[in-house]
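Me: I would like to learn how to read a structure like this one. Can we take the features one at a time?

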Amino acid sequence: MKILIADKDPVSQRKLKDALEGWGFQVLAETDGQRVHELLLGTDPPTLAVLDWTLPELRGAELCRKLSARGSQGHTYVIMLTENDEPALVAAVMKAGADDFLCKPVRIDELELRGRAGKRICELEQRLRLRATHDALTGIYNRGAIIEILQITVSRHKRDHAGVAIIFADLDHFSRINEEHGQLAGDAVLREVSQRIGYVLREYDSVGRYGGEELLVVLPTCDARNALEVAERIRLSVCAQPILTPAGPVSASVSLGVSVLFDETVLRYSELIQLADQALHEAKNSGRNQVVLARSAHASARA
Ligand SMILES: Nc1nc2c(ncn2[C@@H]2O[C@H](COP(=O)(O)OP(=O)(O)OP(=O)(O)O)[C@@H](O)[C@H]2O)c(=O)[nH]1
């Protein structure tokens, strides 16, 4: 677990660093308040931070507010170091949004207790966040999380015009698989199909379970041509090899509907979903195990 310490006193900073490393934490030591802001508000923030409230440029209250505003994007547990334990100071620190405080000079045994409590809370939070955003059966994003990702991606597209495509992938005759091989085999098929889709995606693409046997793929910075290629790769990866299930190998296939948001369009994410859903129905009606591009996106695919 990564922990950031920022103490303006170098002797105390070294003492804290040695102790935390001794307990197995990966420690980043920093004395520049501005740099602390960058690390905590960056893309890979430390899980825990022990920060000196009086560090120049730290602006503890403002920093804590910004950390709280990150919401579900990852929370850092902040232990603030204070000069004393005057009730007014402690109240100001905790009101600002710190999770805990320690009075200087820090007693190492107290740091260990508070640090371990913080670590437990962080691990619990991580597990809860995973449970709240991921589907229990398949391990991919759940409906709420994948829609949130789509909304964020569409908003980003409105700024950078990099393009967004989505793919609806729906298992073909899944009810038949359940009837012929049993529900557990059906579950295994759903799990494996989710995995296979994950394998063919780029690391910044996302896949989630939209409903029953319908999966939604979000492809940022993607045009129609690329989206069709990805959809075809998904289709092939599902039907290429039978899936091993408790009832033996089961052959499966998916139908896919693709829709794309263009630079010049003013489509909202919900319209993108509607178009991909219509394309998916067309793929089903045309015989299944195939990819269909939503009608309004045809022009761009040919361009
Ligand atoms: N095993 C399993 N089955 C599920 C799960 N969620 C939904 N299903 C099943 O998925 C099936 C969906 O059936 P339909 O909507 O009729 O679609 P289909 O049989 O796949 O037919 P087409 O989509 O038209 O190709 C139903 O039998 C559901 O019970 C799940 O988590 N596990």
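Me: Which residues does Glu83 touch, not counting residues up to four places away in sequence?
Reply: Two residues touch, or are in contact, if their C-beta atoms, placed from the backbone, lie within 7 Å. By that rule Glu83 touches Thr54 and Lys104, leaving out residues up to four places away in sequence. Bear in mind that this is a predicted model, where local features need pLDDT of at least 70 and side-chain atom pairs count only at pLDDT 80 or more, while totals for chains, interfaces and linings use all residues. Residues are numbered from 1 along each chain as its sequence is written.

Me: Where does Glu83 lie?
Reply: Helices (H or I, at least four residues) and strands (E, at least two) are DSSP runs, numbered from the N terminus. Glu83 is in the loop between β4 and α4. Its C-alpha is 9.8 Å from that of Val106, although the two residues are 23 apart in sequence.

Me: Is Glu83 buried or exposed, and why?
Reply: Count the other C-beta atoms, placed from the backbone, within 10 Å of a residue's own: 20 or more means buried, 12 or fewer exposed, and anything in between partly exposed. Glu83 is exposed because it has 11 such atoms within 10 Å. For contrast, take Ala92 in helix α4. Ala92 has 16 other C-beta atoms within 10 Å, so it is partly exposed.

Me: What does the UniProt annotation say about Asp52?
Reply: UniProt positions are given in the numbering used here, with feature names shortened, and annotations may be inferred rather than shown by experiment. The unreviewed UniProt entry marks Asp52 as "modified residue: 4-aspartylphosphate". Asp52 belongs to strand β3. It is buried because 23 other C-beta atoms lie within 10 Å. Asp52 touches Ala6, Asp7, Lys8, Leu58 and Leu81, again leaving out residues up to four places away in sequence.

Me: In what order do the strands of the sheet with β3 run?
Reply: Strands of a sheet pair through backbone hydrogen bonds, either parallel or antiparallel. Two strands count as paired if DSSP finds at least two bridges between them. Here five strands form an open sheet in the order β2-β1-β3-β4-β5, with parallel pairing. The edges are β2 (26-29) and β5 (100-103), each pairing on one side only. Between β1 (residues 2-6) and β2 there are four bridges in the parallel sense.

Me: Which strands does helix α2 lie across?
Reply: Axes are lines fitted to C-alpha atoms, for helices over the stretch in contact, and angles run from 0 to 180 degrees between N-to-C directions. Helix α2 (residues 33-41) lies across β1, β2 and β3 (48-52), at about 160 degrees to β1. Helix α4 (residues 87-96) lies across β4 (77-82) and β5, at about 155 degrees to β4.

Me: How many bridges join β6 to β11?
Reply: Eight bridges join them, and the two strands run antiparallel. In this pair Phe168 has Gly257 of β11 as its bridge partner. Gly257 also has a bridge partner in β12, namely Val292. β11 and β12 (residues 291-293) pair in the parallel sense over three bridges. On β8 (residues 214-220), seven bridges join it to β6, and these strands run antiparallel.

Me: How many residues of β11 are buried?
Reply: In β11 (residues 254-261), eight of its eight residues are buried. Val254, Leu256, Val258 and Val260 are on one side, and Ser255, Gly257, Ser259 and Leu261 are on the other.
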